Amino acid sequence: MDLSHLLDGLNDAQRQAITLPPGGALVLAGAGSGKTRVLVHRIAWLLEVEQVRPWSILAVTFTNKAAREMQQRIQHLLSRPTLGMWVGTFHGLAHRLLREHWQAAGLPQEFQILDSDDQFRLVRRVIRALDIDEDKWPPRQMQWWINGQKDEGLRPQHLDAGQDPYQKRLIQIYSEYQAACERGGLVDFAELLLRALELLRDNQAIREHLQDRFQHILVDEFQDTNAIQYAWLRLIAGKQNRLFVVGDDDQSIYGWRGARVENIQDCQRQYPDAELIRLEQNYRSTGNILNAANAVIAQNSGRLGKNLWTEGGEGEPIRIYEAYNGVDEARFVVERIQQYIEQGLARRECAILYRSNAQSRLFEEALMQMGMPYRVYGGLRFFERAEIKDGLAYLQLLSNRHNDASFERVVNLPTRGIGNRTLDAVRAHARDFNCSLWQASIELIRGGKMSPRAAGALRGLLDLIEEIAANSAELALHERAAQCIHSAGLVEHHKHSKDGKGQDRVENLEELVAAAKQFGLEHDPEQGDALFAFLSHAALEAGEGQADPHEDCVQLMTLHTAKGLEFPLVFMVGLEEGLFPHSLSIEEPGRLEEERRLCYVGMTRAMRRLFLCHAENRQLYGKETYPMPSRFLREIPRELTEEVRSRPRVSRPVFNDDFSFEQVGFQLGQRVRHAKFGEGVVLNAEGQGPRARVQVNFEGVGCKWLMADPAFLQGI
Ligand code: ATP
Ligand code: MG
């Protein structure tokens, strides 16, 4: 039998891992060293050489995309079907187990999966049915808490509130929610994992059947398994060890969601006879990229340690671009992508990676202006995100009270006690009298047919909108937007949400204000009302629709979503203190190290070219900020990098441009004071209007280009 196709082009350590006799193994290796490739070839080897039957193989990875790719790669190697093999994500496989053994799992045959939104609505319904105050017991918080209990393997009956009334309430909500799920045959995501675990733990026959069946269990990205996933794997693996796991402790980035990198060490302890194999050659990236990533991750403590090298040659230096603000950063990135595409790179080979979802907006706008197709992975495009639509709906009402869709969207968001019955009455009145919901509300309140409580709640909304409209009429567009989202309580609403996404949503709302500001600066008042124009702009952008996944398009995603992927050209953007590392993690050493691992993951996605960008000036959380460059940039040895100078403006000699000084309102050599950088001397100037900038040499800080905005920079 010719087996060369299974081992061709692989190095010795990889071959060793692939050809191990059936049994346990741990492949511990850095990024791009071929872990995923080894896993795929191992499966093919088991099938072809060890004559293992496909249905005794269980392979787990972290995303559906990775699972699909794995299937395809195995098929490609084997050129025959792999019927009966189980390849999927933890959730996908747990679901499959429960479908097969629904009776033993205590589920109806047709049980349904509750996605996160459905779950939220059910939790809310339960809280309402119990007549509990939603403001004190916010459904999102309860949802997060319930899932946390399930992730720990805890059912309501395992929890003991003692005398604590708060705990008692929590448990009551959890019990009622669970009862509602049981009645409806509903299973949420956390329940999938827990139920599958309980099924294996409590049902000896099924456990033994599965242990018998799955002789070979293979796991990719093992460093990000959580407690329940690991327990689940161990139950199927049984006493014999047949776990073939691959992972990289330096790429553990889901600690905040309960992933336990310690599972790697625990696995070594539990199965001391498992082979430990290290892969040290990186095949993905150039020498410069790899050395830079290695230098960054070397700053972390408590690593298992590894030595990663490449034969690939140094390649190009890592390019660092200091943008003057976020818009400039996006412009730079998109122009560069355009250049590389002209030189023959496909769009799908270019990736823009960012820390927070909110950062995508500026890039989306720049790409759209260029007419370049793009796709945002693992998230919605900016103007399609729910919180953005909520904010826009309030703004729509300011612009037009009779916009029924917006009225429906915000009528009870945040909760203001307008019940379904009240809303139904409003809808019926609007239908009967052919008027808007807004008008119907006014008439119903006037007519006095509603209960005082309902009328009061409804009036609360109408008054709120009128009040915001009156108070903000004279303000600039972005100030109106800011006032609107704050007064409407949207920021507050998300800030207190405990589902782990609140911060992200607040950042997105702040980004909406930044979007309004940028739009306002460019809007020509001759062309009519700025708010109206902005709303049309947002509606059009949301309506563009994502590029088709099969279309060749630029790839946008967060650093978390990029795990396991690779691209010839990578831009990591927003490398600024506060943004990345994220402000919430700077204080805590553990979380800072997780941010650094995320940086390592990002850098090691790049195959040939890596650009790292940061901005001197950024609108962050609704404020103008002057962030310091990210500490991760300083951790890269200088000789591996090259600073990119943008456009001639920066290198233009001083002194020959008196005109610029006139335009920006500062003079050459003038002493100035800046709120953050202290005192300095003006060296250069450029641009005009909102784009005017000056270069100042600050004492002890050095030269900086800054916006010539008197609010920040004053002559002394
Ligand atoms: P990550 O940690 O990012 O998940 P990984 O260790 O799983 O990375 P792979 O994605 O399997 O690495 O491999 C990285 C790249 O190197 C892929 O393009 C793969 O095809 C290639 N590669 C792996 N091993 C070899 C080899 N022996 N010869 C040539 N190319 C290889
Ligand atoms: Mg991989």
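User: How many salt bridges are counted between domain 1 and domain 2?
Analyst: The count is 2. The model is predicted: local features need pLDDT of at least 70, side-chain atom pairs count only at pLDDT 80 or more, and totals for chains, interfaces and linings use all residues, while side-chain values use heavy atoms, with hydrogens and water left out. Residues are numbered from 1 along each chain as its sequence is written; chains are lettered from A and ligands numbered from 1 in the order in which they are written.

User: Why is the pairing of R155 and E198 called a salt bridge?
Analyst: A side-chain nitrogen of Lys or Arg must lie within 4 Å of a carboxyl oxygen of Asp or Glu. For R155 and E198 the N to O distance is 2.9 Å, so the pair passes.

User: What makes domain 1 and domain 2 separate units here?
Analyst: The bounds come from an automatic or database domain assignment. Domain 1 is 4-98 + 195-281, and domain 2 is 112-184. Their centres, taken over C-alpha atoms, are 34 Å apart.

User: How do you know how much domain 1 and domain 2 touch?
Analyst: Contact means heavy atoms within 4.5 Å. By that test 4 residues of domain 1 meet 7 residues of domain 2. About 490 Å² is buried between them, 39% of it from carbon and sulfur atoms. R195, E198 and I228 supply 63% of what domain 1 buries there, more than any other three residues. Buried area is the accessible area (1.4 Å probe) that two parts lose on being put together, summed over both.

User: What makes the R355 and E595 pair a link across the sequence?
Analyst: Their closest N and O atoms are 2.7 Å apart. Helices (H or I, at least four residues) and strands (E, at least two) are DSSP runs, numbered from the N terminus. The whole structure has 40 salt bridges.

User: How do you know how many cavities there are?
Analyst: On a 1 Å grid over the protein atoms alone, a cavity is a set of points where a 1.4 Å probe fits but cannot get out; lining residues have an atom within 4 Å of a point. The count is 2 cavities of 30 Å³ or more.

User: Which residues line the second largest cavity?
Analyst: The lining is G23, R42, L46, Q215, H216, I217, L218, R242 and F244. Elements giving two or more residues are α3 (35-48) and β6 (216-219). The largest share, 3 residues, comes from β6.

User: Which peptide bond from L413 is cis, and where does it lead?
Analyst: The bond from L413 to P414 is cis, with omega near -5°. P414 lies in the loop between α17 (404-410) and α18 (420-433). Another cis bond joins F580 and P581, with omega about 5°. Most peptide bonds are trans.

User: What is the phi of D131?
Analyst: It is near 60°, a positive value in a residue other than glycine. D131 is in the loop between α6 (116-129) and α7 (139-151).

Methods. On a 1 Å grid over the protein atoms alone, a cavity is a set of points where a 1.4 Å probe fits but cannot get out, and a pocket is an open set with protein on both sides within 12 Å along at least five of seven lines; lining residues have an atom within 4 Å of a point. Grid points are joined across faces, edges and corners, and a volume is the space filled by probe spheres set on the points.
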